[in-house]
Amino acid sequence: MKKIEAIIQPQKLDILRDALVNIGIKGMTVTEVMGFGRQKGHVETYRGADHVIIFLEKIKVEMIVADSMVEGVVSTIRTAVITGNVGDGKIFISPVDDIVRIRTGERGDVAI
Ligand SMILES: Nc1ncnc2c1ncn2[C@@H]1O[C@H](COP(=O)(O)OP(=O)(O)OP(=O)(O)O)[C@@H](O)[C@H]1O
Ligand SMILES: [Mg+2]
């Protein structure tokens with residue numbers, strides 16, 4: 001199992017949710033976050049103001065998926081949210097040891 005965290009532009013959340021539901025995602029967690037990337041929050045680089053860091057509002061979408069779904073989820077996310085401009089976001093993928101479905105006690109892949 002893997003955790004996929006996607007940091008995206010807020011206005012892309014609805015289209016991303018629909019695209020992920022269409023490929024069979026079982027659940028997701030959404031958080032309003034703030035952050036900056038390589039441009040330090042600036043859409044353009046301002047000479048002399050490069051040291052000023054601005055936090056921009058982003059949305060973080062988290063999903064735990066079976067290993068076999070990772071590449072499909074990643075490509076679905078890119079297709080749904082890409083504009084080609086800076087600030088389109090980033091996807092982080094990390095291993096998950098186990099899942100417990102509280103109601104049933106199921107563990108692992110079947111608990112996703
Ligand atoms: N290395 C990182 N670690 C943690 N969060 C990051 C990292 N890079 C980006 N983020 C998060 O992702 C958001 C969007 O990043 P962004 O798309 O601007 O990345 P970038 O590396 O600057 O790429 P681009 O040049 O396409 O803008 C940031 O506001 C921040 O919340
Ligand atoms: Mg950026």
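A polar contact here is a pair of N or O atoms within 3.5 Å. I keep that cut-off at hand for the ligand entries, and I note that the model is predicted.

**Entry: ligand 1**

I looked up glutamine 39 and found a polar side-chain atom 3.0 Å from an oxygen atom of ligand 1. That distance of 3.0 Å is within 3.5 Å, so I count the pair as a polar contact. For lysine 90, I read 2.7 Å between an N or O atom of the side chain and an oxygen atom of ligand 1. Glycine 35 takes part through its backbone, with an N or O atom 3.3 Å from an oxygen atom of the ligand. I then checked the ligand's surface: taken alone, ligand 1 exposes 600 Å², and the protein buries 70% of that. I listed 13 residues around ligand 1, and the closest are Arg38, Gln39, Gly87, Gly89 and Lys90.

**Entry: glycine 89**

I placed glycine 89 in strand S4, which covers residues 89-95. Its relative accessibility is 46%, so I put it down as partly exposed. The C-alpha atom of glycine 89 is 8.5 Å from that of glycine 37, although 52 residues separate the two along the chain.

**Entry: salt bridges**

I searched the whole structure and got 8 salt bridges. One of them joins the side chains of lysine 3 and glutamate 62, at 3.8 Å from N to O. Lysine 3 is in strand S1 and glutamate 62 in strand S3, so this pair ties together parts 59 residues apart in sequence. I noted lysine 3 as partly exposed, at 25% relative accessibility.

Arginine 17 and aspartate 14 form another, at 3.7 Å from N to O. Both are in helix H1 (residues 13-22), and because they are 3 residues apart, about one helical turn separates them.

I also recorded glutamate 106 with arginine 101, at 2.8 Å from N to O. Glutamate 106 is partly exposed at 28%, and arginine 101 is partly exposed at 34%.

**Entry: glutamate 5**

Is glutamate 5 buried or exposed? I found 17% relative accessibility, so glutamate 5 counts as buried. It lies in strand S1, residues 2-8. Leaving out residues up to four places away in sequence, I listed its contacts as Lys60, Val61, Glu62, Lys90, Ile91 and Phe92.

**Entry: a nonpolar patch**

I noted a nonpolar surface patch of about 430 Å², made by Met34, Phe36, Ile53 and Phe55. Phenylalanine 36 sits in the loop between strand S2 (29-35) and strand S3 (56-65). With a relative accessible area of 45%, phenylalanine 36 is partly exposed.

Notes
Residues are numbered from 1 along each chain as its sequence is written. Chains are lettered from A and ligands numbered from 1 in the order in which they are written. This is a predicted model: local features need pLDDT of at least 70, side-chain atom pairs count only at pLDDT 80 or more; totals for chains, interfaces and linings use all residues. Side-chain values use heavy atoms; hydrogens and water are left out. Patches are made of residues with over 30% relative accessible area and no salt bridge: like charges are joined within 9 Å, nonpolar side chains (Val, Leu, Ile, Met, Phe, Trp, Tyr) within 5 Å. Accessible areas come from the Shrake-Rupley method with a 1.4 Å probe; for residues, only the protein chains shown count as cover. A salt bridge is a side-chain nitrogen of Lys or Arg within 4 Å of a carboxyl oxygen of Asp or Glu. Helices (H or I, at least four residues) and strands (E, at least two) are DSSP runs, numbered from the N terminus. Buried means under 20% relative accessible area, exposed over 50%, partly exposed in between (1.4 Å probe, protein chains only). Contact means heavy atoms within 4.5 Å. A residue is near a molecule or strand if one of its heavy atoms lies within 4 Å of it. A polar contact is a pair of N or O atoms within 3.5 Å; within protein, one must be able to donate a hydrogen and the other to accept it, and residues adjacent in sequence count only if both atoms are side-chain atoms.
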